[in-house]
Amino acid sequence: MGSVSLKIGDGTARFKKATLCSSAVNIVMIFSVITTNLFALYAFTSSPKHTQILHHNNKNISIISEQVSIILREINLSQKKLAQMEKELLGYESIDLSRPNIANELKMFLQHHQLPLGKDSRTGITEMVPSVGHLCEKSSDLLSQYMSYKINGPCNDDWSLAQKLIVKGCEPLPRRRCFSKTVPKVELINPFPNSLWNPFGFGSNGNKSVNWSGLNCKSFECLKGKKLSRECIGCFDLVKNGNENQRFVKVKSKTDFLVDDVLDLGRSSSNGGVRIGFDIGGGSGTFAARMAERNVTVITNTLNVDAPFTEFIAARGLFPLYLSLDHRFPFYDNVFDLIHASSAIDVVGVGGKTEKLEFLMFDIDRVLRAGGLFWIDNLYCANEEKKQALTRLIEKFGYKKLKWVVGEKVDSVGSGKSQVVLSAVLQKPVRA
């Protein structure tokens with residue numbers, strides 16, 4: 001057997017004589033083909049007994065695979081049922097955007113938006129996910145009503161609807177693309193620090209600077225005599241030598257602490273003293289006003305429950321934070337020198353579980369710096385059991401008791417009977 005050789009030059013092709021090596025390769029190739037054919041023939045002509053065994057084994061494998069598939073489906077179904085039960089117990093459910101009553105603006109806001117440059121190298125995220133409270137699902141009709149508006153037009157006069165959603169746990173609310181309602185007339189605001197005790201200028205009572213819709217009172221004169229809460233009994237009446245004007249600078253009972261005394265504790269017990277603070281449930285902002293007179297910046301947490309607390313605090317030249325106590329405080333860890341709280345932190349209620357108060361206390365502890373002061377101001381204890389539970393909870397944090405006074409005070413907005421109250425100034429320890 002020969003091989004073809006192409007020799008460029010004379011334009012001819014010649015056969016070369018086969019070598020010993022090329023012949024051996026050809027023999028190996030022929031042997032491989034014959035062997036492969038023999039194996040194929042044996043496979044097709046094997047006995048029926050072997051074929052039956054093979055078929056039986058395949059059938060058993062098929063049955064086992066089917067049983068495994070059924071078990072896996074049952075496990076998957078059980079996991080889904082368990083997850084659904086957990087969601088129902090916790091009140092959590094994703095918002096079903098396929099409902100016919102869902103506002104288009106809500107669908108637009110809740111869409112995931114891909115980052116224009118792809119994955120962010122620092123955070124690892126690839127899309128922006130909108131934030132909305134998980135309990136909004138329970139109030140989806142109200143939420144759709146809140147999100148039904150004309151784009152680029154005026155927002156509906158629905159601040160009371162928004163607040164209702166917040167207190168129902170629908171927090172944070174989605175953003176909107178409409179202009180919030182403005183007051184019909186901008187009245188004169190006094191400059192700081194005169195605004196602390198006389199927010200509105202000469203000849204102005206501030207009534208036209210506030211949106212009074214959704215409130216029983218339609219003027220500050222109406223609010224001055226109201227008992228809105230334990231921390232707000234006539235708290236909109238800033239008249240000189242009045243009840244609100246005397247708070248934190250004059251003592252009425254042994255459970256009332258003076259601002260200057262607490263600040264002295266801060267100067268003597270922690271580096272840097274008290275510079276910035278947070279007031280939880282601060283009424284009309286009087287605690288922040290007293291601190292501002294002493295060059296301490298205080299943020300006041302409040303909602304507009306029955307009164308325009310937020311607008312009034314801002315008119316005094318102070319910082320209002322519109323936030324419910326169920327919301328995690330929007331501050332980083334260890335930032336405040338002082339946190340002031342009164343009966344507003346009583347989020348448990350009569351017969352409630354203390355875990356809710358624990359979540360709040362741990363968040364207070366988180367934002368208070370080591371060495372900072374936690375001032376509990378006349379916290380009502382409904383009974384001895386509640387006082388003991390609160391005491392055990394406070395002791396769990398290991399705070400140093402700089403002041404601790406338990407006394408009795410008349411419940412001015414409840415039964416009118418004397419109740420046990422606790423006032424304390426505690427110092428956060430340095431933890432490893």
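**Entry 1: the β12–β13 pair**

I began with β12 and strand β13 (residues 418–427), which run antiparallel and are joined by ten bridges. My labels follow DSSP runs numbered from the N terminus: helices are H or I with at least four residues, and strands are E with at least two. I count two strands as paired if DSSP finds at least two bridges between them. Looking across from lysine 401, I found leucine 426 of β13 standing opposite.

A note on what I'm looking at: this is a predicted model, where local features need pLDDT of at least 70 and side-chain atom pairs count only at pLDDT 80 or more, while totals for chains, interfaces and linings use all residues. Residues are numbered from 1 along each chain as its sequence is written, and side-chain values use heavy atoms, with hydrogens and water left out.

**Entry 2: the whole sheet**

What is the order of the seven strands in the open sheet? I read it as β9-β8-β7-β10-β11-β13-β12, with mixed pairing. The edge strands, each pairing on one side only, are β9 (319–322) and β12 (400–410). On average, neighbouring strands of this sheet are turned by 15° against each other, direction ignored. Then I checked what α7 does: it packs on the sheet and touches β11, β12 and β13. The direction of α7 makes about 150° with that of β11. Axes here are lines fitted to C-alpha atoms, for helices over the stretch in contact, and angles run from 0 to 180 degrees between N-to-C directions. Contact means heavy atoms within 4.5 Å.

**Entry 3: around β8**

Next I went to strand β8 (residues 297–302), where five of the six residues are buried. For burial I use relative accessible area: under 20% is buried, over 50% is exposed, and in between is partly exposed (1.4 Å probe, protein chains only).

I looked at both partners of β8. Strand β7 (residues 276–280) runs parallel to β8, with five bridges joining them. Aspartate 279 has threonine 300 in β8 as its bridge partner. β8 also pairs with β9 in the parallel sense, over four bridges, and there threonine 300 stands opposite proline 320. The chain crosses from β8 through α9 to β9, and this β-α-β crossover is right-handed. β7, α8 and β8 make a right-handed β-α-β unit too. I had to look up the handedness rule: with the strands pointing away from the viewer, the path from the first strand over the helix to the second runs clockwise.

**Entry 4: the cores**

Which residues touch the most other members of the largest nonpolar core? I found Phe220, Phe236, Met291 and Trp375, out of 37 residues. Such a core is a set of buried Ala, Val, Leu, Ile, Met, Phe, Trp, Tyr and Cys residues joined through side-chain atoms within 4.5 Å. Elements giving two or more residues to this core are α6 (220–223), α7 (259–269), α8 (286–292), α9 (309–315) and β11 (368–381). The largest share, five residues, comes from α8. In soluble globular proteins, nonpolar side chains tend to be buried together.

I zoomed in on phenylalanine 220. Leaving aside neighbours within four places in sequence, its contacts include Phe200, Trp212, Phe236 and Phe312. I also noted a second, separate core of 29 residues, with Ile299, Phe336, Tyr399 and Ala424 among them.

**Entry 5: two helices side by side**

Helix α10 (residues 355–367) and helix α11 (residues 384–396) pack at an angle of about 35°, and their axes are 11 Å apart. On the α10 side I listed Leu357, Glu358 and Met361 as making the contact, and on the α11 side Leu390, Leu393, Ile394 and Lys396.

I looked for cis peptide bonds. One joins glutamate 171 and proline 172, with omega about 5°; another runs from phenylalanine 192 to proline 193, with omega near 5°. Proline 172 sits in the loop between α5 (159–167) and α6, and proline 193 is in the loop between α5 and α6 as well.

Asparagine 152 isn't a glycine, but its phi is positive, near 70°. Is asparagine 152 buried or exposed? It is exposed, at 62% relative accessible area. Aspartate 306 also has a positive phi, about 70°, without being a glycine. This aspartate 306 lies in the loop between β8 and α9 and is partly exposed, at 43%.

Last stop was asparagine 245, in the loop between β6 (232–233) and α7. Asparagine 245 is buried, with a relative accessible area of 13%. Beyond neighbours within four places in sequence, asparagine 245 is in contact with Trp197, Leu238, Val239, Lys240 and Arg290.
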